[in-house]
Amino acid sequence: MAKELIRLSDCVMRYEDNLVLDHINLYINDKEFLTLLGPSGCGKTTTLRIIGGFLTPTSGDIFFDGVRINDVPPNKRTINTVFQKYALFPHLNVFENVAFGLRLQKLPEKEIHTRVMEMLEAVSLRGFEHRRPEALSGGQQQRVAIARALVNRPKVLLLDEPLGALDLKLRKDMQIELKRIQQQVGITFIFVTHDQEEALSMSDTLVVMDGGRIQQIGTPEDIYNEPKNAFVADFIGESNIIDGIMVEDRVVQMYGRRFPCLDTGFAPNEAVDVVIRPEDIDIVPVEQGQITGTVTSVTFKGMQYDIIVDFRGFKWLIQTTDHSPVGARIGIKIDPDGIHVMKKSAYSGQFGDYSSFSDEYEELDNASPDGEEEGAWHEA
Amino acid sequence: MKRNSLWNRAFTALVFLFLYAPIVVLIVFSFNAGNSNAVWSGFSLKWYQQLFSDRLVMQSVYTTLMVSVLSTAIATVAGTFAAIGFHNLRSRSQRNALTTINNIPMMNADIVTGVALCLFFVAFFGLWSQFAGWFNGIQQVVELPERLTLGFPTLLLAHVSFNIPYVLLSVSPKLRQMDRNLVDAAMDLGCTWMQAFWKVILPEIKPGIVSGALIAFTMSVDDFIISYFTAGSSSSTLAMTIYGMTKKRVTPEINAISTLLFLVVLALLVVTNLRETRQERRSHQQVVAAAIRAEQRSPLRRALPRVAGGAAALALCAGMVVSATHRSNQPVVNVCSWGEYIDESLITQFEEETGILVNYQTTESNETLYSLLKSGAGDYDVIVASDYMVSQLIEEDMLEALDYSKIPNFSLIDQRFKNLNYDPDNLYTVPYTWGTVGIIYNQTMVEEPITSWEVMFSEEYAGNVLMFRNSRDAMATALLYLGYSVNTTDEGELREAWQLLADAKGRGVYQSFVMDEIFSKLEGGNAAIGAYYAGDYLTMLENNEDLVFVVPEEGSNWFVDAMCVLKDAPHKEEAEAWINFIASTEANLVNMDYIWYASPNQEALEQYPAYYEALYGEALAPDLFEIMAAPDAVLERCQLYVNLPYETRLFYNQLWNELGI
């Protein structure tokens, strides 16, 4: 395992009565791609700004390579940032934007030139040196911002929702590009986003945050397959979350029926949340189904259908390639490894019911993150 | 539709006519060869010429430029940092509250700001003198000046204080438009806050700073009211000088200087607007070419304009400081008089002979002078005031007794003008000028020569008569007509005189109540008859030969304006030197020729006809000389004003208000 580079220890951030970070503990390894993921106002940007040095935590410590850096200003940290909306200097051209940090170090003109041109080459922007930022497209500006940060050879690169302003196609390309750059320069990337798909596809380590707390830390696979609570389960991918009782190890009871599963370590008859991913459910004829329900809506999604099925008043989302018409009675079957059992938490009962499901669901979930920024910037 | 647009155009034209006609008239008459604002007598640049040789004007231009440049510089720096401070406030409500507080001084009436600043400075000076007295008492190492006065520093502070809000107002939007992350980005890349300020914030908000500075500069140049209350006696801005010049007669010199001021402000406005439109256009364009050109310039060439600009600014500041300190080492005398009431070559001559610098200020009436003195804003050494005001100042112990051994020229003053009732023992005053009040009329507009005050109250020339717009002089015309003393305290007599005025006003006898507007009205033939001062009649006569002056048979008022020194004046010796110089025969001759008011100096009075003849190559008409310096026979019919008792002054005020002018 790589060595630890950054540690946040018991960090609290408070604006008057507003608790933004609630005792955050987090360590970040050298050369890893770590993503802070969460909805607006979860504290992810605040965490990033504490690492960057733009905010000082109300209490708690931050260590860099084992040294406490709470009081080290941003310009003294070997950390660089790619800002939301890039924050390129409008009065400087591309070359001077990238050269900004090097000029401050008073490097010889020749070295500055070499390094800037190398970096522009690396982000495929050679030939754009004399352009003003306003004469570039969003993706080009994005790459200038990355070049401007990386040219200083930082140990850590912070990226604050860097892809948020790009359109979908460009965003996909930049995801791949970013990952490639990270592997090429071989430094730690700390990435902030509210887009779970982006987070899953790019990260080595994923930190899911909500309400100023870390909900779960782990690899994308771990978090997807073994969410710790209803919030994580719902935020990462789609989940049906059903009240259940852990009868004994490897047996969970829902709707009065026993289902075999793989989970162990709960007290006998403990009330639990059961997570079933929509793609882990097989539709079978009624007589073969473990339980049965009625289809209430069908949406064609291209690769699959999203169908909503009513099971005794609780609506599930099922993703399937087989079409079932609205009103049909169907049976379902869930393999033991498709069932994931979680302890009850404060989030229980808030997520996982698709009664109000609509196509806008996705968009609503990805609401703009402005609310959080307001709080975080004011300290700057 | 078509009709509509015609109407619109006509209406627009009317609006613009209304807005600009007065300025056009002002500009046109600045090129008038004559000295009237109503009668065109040919094209000439002589008023501009005269302007540039007028030391009072040039000195005030210097003061105005200095205070505007310095206050703009200080306010720009302070305002910019204040704007950044406001911008970085975390709480939006605090920010809004501060912005509102910032806006209040701009909306506030200038007069309130001016008076408030004046009172504040005077109060501070009071506290300071206590402190300095105590401090000087307990130690001898450093001696603090005990007496501070209003002057250039307070003027500068006042301008800085009213300029800061404009800079703030213009910089704040630029900060709001700026991406908040820019500063963070700069610091992230290795800047300290100060470096980020220079390298990133400043280039971003520069347009706001420049237009803020331009607005502040314009406001400074424009300001009159606040300067008036804070400049004290030793400095005066251009606007103040112009105002002082309007006291006696509105000569085209004022038109000339107003024209120039108008053009300067116009130029500033145009520059500001051009800058703004250019920026807008530029932000819409891609400035690739410009960027490439900038890139190709060598660093030296890029740095050159900045170095040159910096050097120029430095030189300007240094020059100002040097000339300011140069001035401060010279002995000084602060003089306050009426506008257009001295031949300014006398000031230069005095300075050359004695090495004493003269700060020559003007006010427009006895009453204004009095309120300036009372408020503590008028820190003069020598003042010129009229007889009745002098006696009021003596009564209130505001004058310093003169050392007449330092004023040998006092012996040249005619006995007639010594020991008059306003200063019975002649302890405080040296007369400056004297003259009579009479009726001025246009002989082509009346049936027969006028000899009586009656004409001021009869319907014969209703609508063509001009009456004084000050209570003392207006009441005097009525009292004289009724045969009462101009100094009566009898309320019955005063009420009777008032009734006479009120009736005449009710019957439409008066075209208007005027002071110096009488010049243009009589010169232009817009009114037939008016009561005014003899010296001013002679000025009007130059522009309209049909005018006649008469001291009515019932008698009239004669007046003396005298020089006095204020109590505790800091430059008493210089003040006495000045008074002695002005009382000399030579100075009186020069002055008499310039202002047309009679001199109290006996030699000067006797020599004046010969002096006039030598100067102009023609004899002075004896009747004109008699109007200027009334012979004893006329003077015997005239009465001097005395200061009225307090109750009577109140009664005057009450009557005047009842008249509803």
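The legends below describe close-up views of a predicted model.

Local features here need pLDDT of at least 70 and side-chain atom pairs count only at pLDDT 80 or more, whereas totals for chains, interfaces and linings use all residues. Residues are numbered from 1 along each chain as its sequence is written, and chains are lettered from A, with ligands numbered from 1, in the order in which they are written.

**View 1. The side of chain A that touches chain B.** In this view 28 residues of chain A are in contact with 23 residues of chain B, contact meaning that the C-beta atoms of two residues, placed from the backbone, lie within 7 Å. β6 (79–82) and α2 (94–104) of chain A each supply at least two residues of this side, and α2(A) gives the most, with three residues. Helices (H or I, at least four residues) and strands (E, at least two) are DSSP runs, numbered from the N terminus.

**View 2. The open sheet of chain A.** Six strands with mixed pairing follow the order β6-β7-β8-β3-β9-β10, where two strands pair if DSSP finds at least two bridges between them. The edge strands β6 and β10 (213–218) of chain A each pair on one side only.

**View 3. β6(A), its partner strand and a helix of chain A.** β6(A) pairs with β7 (residues 156–160) of chain A in the parallel sense over four bridges, and A:I79 stands opposite A:V156 in β7(A). Helix α4 (residues 138–150) of chain A packs on the sheet, where α4 touches both β6 and β7 of chain A, and its direction makes about 175° with that of β6(A); axes are lines fitted to C-alpha atoms, for helices over the stretch in contact, and angles run from 0 to 180 degrees between N-to-C directions.
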